[in-house]
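The sequence and structure come before the discussion.

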Amino acid sequence: MARKSGGERRQQGSITKRGKSFRVKVYAGLDPLTGKRIYLDESTTDEGEAEKILTRFRSQVDEQRHARTKGTLRTAINEWLLVHEVEDSTRQGYEAYLRLHVGPALGDQPVGKISARLLEQFYAELRRCADHCDGSPRVDHRVDGPHECRTVRHRYPPGRPPAGGYPDHDCAKSKCVVKECPQHQCKPLGNSTILKIHYMISGALSAAQRWEWISSNPAEVTKKPRQPTPDPQPPTADQAAQIAAAAWAEDEMWGTLVWLVMVTGMRRAELLALRWDDIDLTNGTIIIRRNYVRALGRGFEKDTKTHRTRRISLDPATVEVLTEHKARYHEAATALEIKPTDKAFLFSYQAACDKPCDPSGVTHRYARMCA
């Protein structure tokens, strides 16, 4: 039987006895997301404790220290992304973090129940395994559904098979390809990536606090992962010479691109955004004005990472390399009856050089060449 406490006002709450337990329930307003009523409730077997819980709930409601919505952390992050001013490439990264990491682990948790302890446990789990495994042995299957976990793609001699079929052969000598579902190996997520996830969660919870969904932001007191110490490992002089030679052996444009990276240290996005009007071959300088990136399925130019223009001086050898590269561009454009223009990109797979090389393609090609 329910007993009203402290008058008949709904928000003052009630204590209901059910068997040997006492259930405390206090009305806490309407959920701004769903429009449904919110109740604070808790059960105990001690009647005196029930009175204390009722007093605590009343205080939380009066001082507005309770969670004002049953909305989940996933909802809070998605709502925050709708209003947060950020580059498309950064937004795409946040959406990937939500889909791959935050969503599976914490996405369905009510935003009011997110605590510093919960976040620190989540970060510790990411440092152990980025796939959120439970630590038990398992197999990472290559495909979904029933299949053979180990298959061999035999390499037979060319031509039609003989009447009796192909004879037995040595797979190692024939270099037959073996495909096998491997045993799972935990791969920890790097601290720099976990920090980005933390900043995303903190930003969403900060917005939820401003919108009065929650009374405080637990991410502000959460222990963040340590920022890793930068440890760049550039190629040695001999390795750089070997890489440059390999690039020139592939083709002249690719050789010029790799050479320019080696001598200037430009970022990939800055390099691909270069147009001929950024190059002053007479005075031997390059002006870095913009970046070229791809995000959300499209390529676009934007400000540099530091939002500042800078000028780079070139050595005589690099000026000569770029002069020859420009001459090749003019020669190819003339042959195709295309008018050369200073707005053309330096590095492009298009005949008119009106579209730069794909950033991911450049990275993958460089990695394959170095390997």
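Which residues are linked in a network of salt bridges? The network joins Arg275, Asp278, Arg289, Arg290 and Glu301.

## Basis

This is a predicted model, in which local features need pLDDT of at least 70, side-chain atom pairs count only at pLDDT 80 or more, and totals for chains, interfaces and linings use all residues. Residues are numbered from 1 along each chain as its sequence is written, and side-chain values use heavy atoms, with hydrogens and water left out.

## Salt bridges

The structure holds 15 salt bridges (a side-chain nitrogen of Lys or Arg within 4 Å of a carboxyl oxygen of Asp or Glu). In one of them, arginine 275 pairs with glutamate 301, with the closest N and O atoms 2.6 Å apart. Arginine 275 is buried at 17% relative accessible area, while glutamate 301 is partly exposed at 33% (buried is under 20%, exposed over 50%, partly exposed in between, with a 1.4 Å probe and protein chains only).

Aspartate 278 forms a salt bridge with arginine 289, the closest N and O atoms being 2.3 Å apart. Aspartate 278 is buried, with a relative accessible area of 3%; arginine 289 is partly exposed, at 36%.

## Largest pocket

The lining of the largest pocket comprises 26 residues, and Ser89, Thr90, Lys196, Lys302 and Lys305 lie nearest its centre (a pocket is an open set of points on a 1 Å grid over the protein atoms alone, where a 1.4 Å probe fits, with protein on both sides within 12 Å along at least five of seven lines; lining residues have an atom within 4 Å of a point).
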